[in-house]
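Reader: Please show me how the features of a model such as this one are read, taking the general idea of each before the case at hand.

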Amino acid sequence: MANYQAPNSPVLARFIAPLTDAYSGSQRKYDCKALGDLDFLESGISRCVSAVTSGRDFLQQLADCVGKLFEVTLFFKALKSRRRLANLISVNLNVARLLRSRLADPFAEIGELSGFDIYAGDGHFHEAACHDPHKPKKPKPAKKKTNGERQKQAKKLQTGHFFILGMRDHHLRHYALAEPRPGGGNEHDMHVLKRKGAKTPEHIVSLSKISDLKGIEANEDGLTIKTMTTIDELFESLLLDDNFKVLRTVCRNISTQPIRNMATVGGNLTCRYTWTEMPAVMTGLEANMHFIDTTGQKNTLTAEDFYKNNAKTDKILTHVTIKRDKTASIVYRRVKKTAYVDIPLLSIIMKTSFKGKRFTNTKVSVNNCVAFAQRDNVLEDFLNTQDAREGLGQEALDHLNESIYDKRSSDYKKHMFRVSIKNAINELVEQQLTKK
Ligand SMILES: Cc1cc2nc3c(=O)[nH]c(=O)nc-3n(C[C@H](O)[C@H](O)[C@H](O)COP(=O)(O)OP(=O)(O)OC[C@H]3O[C@@H](n4cnc5c(N)ncnc54)[C@H](O)[C@@H]3O)c2cc1C
């Protein structure tokens, strides 16, 4: 291997230390004796962070201040090497991997963002190098140009680069080189984004036009809610009896009438906002979610499993089914977030089947609005050992999976959770004790 000497400056040495690790895994290493890969990589970084204005000036400084002497022609030839570019790309990917393993993802806790990469991007234009070509000449103008205009026309194209910073791993990388605009001027950031990725899908299917995806059906076995059924249609349905009655309470509390007229059950379940209410409700009611993919392949998941996997899908949700349960006792509690835009701060659904006074097969499904719907198994296990009696709501507060309720919660929210849980259990108890 070429004789690479780490920089004398302790700061620079520390700054570029991860490079050695990243380089060791590069796909395109080559042991160049004249200008070693690590020297080349280090000099590239130094060039970016230095204040020199030209490549030759940089090499001069490198020789004077750092004691690294590179032959000018060799260095500029190396800049054009395809192998070195491939090596840079490989090293860069390895740096990203290293960062991911060493730095904590600051967005990991935000369930709404799970599955998304997040970037901050910016463009940077800088003056053309003295050896860059001039702008292509425009056709001769009819009018004679002033001196100022002539100078403007002779200007060289600026070089523009767009960079993106991964907000999850803090890895900064080059995204695109600006392309010259037909009428002159710099390429705009939005144009670059469109050029690079934002493609219009070949086929767009509007689910609202598929009549098979609309409607509610019920029989002795259960209830089927098709995905494009609106929240209002569900609320108005005459089929909501037995354990399905709770859906009327849920729908009534969702936002405002104009929203309920438009929002669909499928959208509420799959939109990946952690705060929508149907996910916890369907989890609590032990619903099944039915999907179909582009090849017509169908598959079914329990709502619980779907939200355990952070509600990720590349399929279409066609309908939801819930088994009929004539004996279940169900309560629902919801606290709104603000008085202005009605979205929930928290919601909770509890379902149990009383055997005599004993809670059995209890399901407690919680929406803490910052993570996807989940069950509180600690509370369920406690309740399943208890009889309906006064004071149970208060006692149950010592048997919670606190991590669900504490997650990004203010004292107010934690308090409202406890009030909601206590009242929900007391309501279940009362329903059972006053049953004739
Ligand atoms: C002001 C406001 C207040 C709200 N308040 C509440 C509230 O209090 N409680 C509550 O629960 N919700 C509330 N919502 C959410 C609302 O109920 C809707 O569920 C949500 O906005 C999604 O809209 P949509 O149903 O029209 O779905 P869309 O906007 O049509 O879809 C959302 C996304 O879901 C996915 N999607 C939709 N349908 C399917 C499908 N069949 N298969 C696969 N993917 C699909 C797509 O990725 C789509 O991009 C509120 C919304 C607003 C705007």
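**Reading the model**

Author: Leu269 is buried, with 25 other C-beta atoms within 10 Å; a residue is called buried if 20 or more other C-beta atoms lie within 10 Å of its own, exposed if 12 or fewer, and partly exposed in between, with the C-beta atoms placed from the backbone. This is a predicted model, in which local features need pLDDT of at least 70 and side-chain atom pairs count only at pLDDT 80 or more, while totals for chains, interfaces and linings use all residues. Residues are numbered from 1 along each chain as its sequence is written.

Reader: In which helix is Leu269 found, and which residues does Leu269 touch?

Author: Helices (H or I, at least four residues) and strands (E, at least two) are DSSP runs, numbered from the N terminus, and Leu269 belongs to helix H11, residues 265-270. Two residues are in contact if their C-beta atoms, placed from the backbone, lie within 7 Å; leaving aside residues up to four places away in sequence, Leu269 touches Met278, Pro279, Met282, Met289 and Leu317. By contrast, Gln61 stands 208 residues from Leu269 in sequence and 61 Å from it in space, C-alpha to C-alpha.

Reader: How many helices and strands does the chain hold, and what is its radius of gyration?

Author: The chain has 17 helices and 12 strands. Its radius of gyration, taken over C-alpha atoms, is to be set against a globule rule of 2.2 Å times the number of residues to the power 0.38; the chain has 32 Å, whereas a compact globule of 436 residues would have a value near 22 Å. The C-alpha trace spans about 95 × 60 × 45 Å along its principal axes, and 25% of the 436 residues count as buried. Among contacts between residues at least 6 apart in sequence, 62% join residues at least 24 apart.

Reader: Which domains does the assignment give?

Author: Domain bounds come from an automatic or database domain assignment, which here gives domain 1 (1-102), domain 2 (111-139 + 149-199), domain 3 (201-326) and domain 4 (335-436). The centres of domain 1 and domain 3, taken over C-alpha atoms, are separated by 55 Å.

Reader: At what angle do H1 and H5 cross?

Author: Two packed helices are described by the angle between their axes and the distance between the axes. Axes are lines fitted to C-alpha atoms, for helices over the stretch in contact, and angles run from 0 to 180 degrees between N-to-C directions. The axes of helix H1 (residues 10-24) and helix H5 (residues 82-102) come within 8 Å and cross at roughly 115°. Angles under 35 degrees count as roughly parallel, over 145 as roughly antiparallel, 65 to 115 as roughly perpendicular and the rest as oblique; H1 and H5 are therefore roughly perpendicular to each other. On the H1 side the contact is made by Pro18, Leu19, Asp21, Ala22 and Tyr23, and on the H5 side by Val91, Asn94, Val95 and Leu98.

Reader: How does H1 pack with H2, and what is the handedness of that crossing?

Author: H1 and helix H2 (residues 37-49) pack at an angle of about 140°, with their axes 11 Å apart, which makes H1 oblique to H2. A crossing is left-handed if the near helix is turned anticlockwise from the far one by less than a right angle, and right-handed if clockwise; H1 passes H2 in a right-handed crossing, and the crossing of H1 and H5 is right-handed. Ile16, Leu19, Thr20 and Tyr23 of H1 meet Asp37, Leu38, Leu41, Glu42 and Ile45 of H2.

Reader: Is Ala311 buried or exposed, and where does it lie?

Author: Ala311 is buried, with 23 other C-beta atoms within 10 Å, and lies in the loop between helix H13 (303-308) and strand E8 (316-323). Its phi is near 55°, a positive value in a residue other than glycine. His170 has a positive phi near 60° and sits in the loop between strand E2 (159-166) and strand E3 (172-177), where it is partly exposed, with 14 other C-beta atoms within 10 Å.
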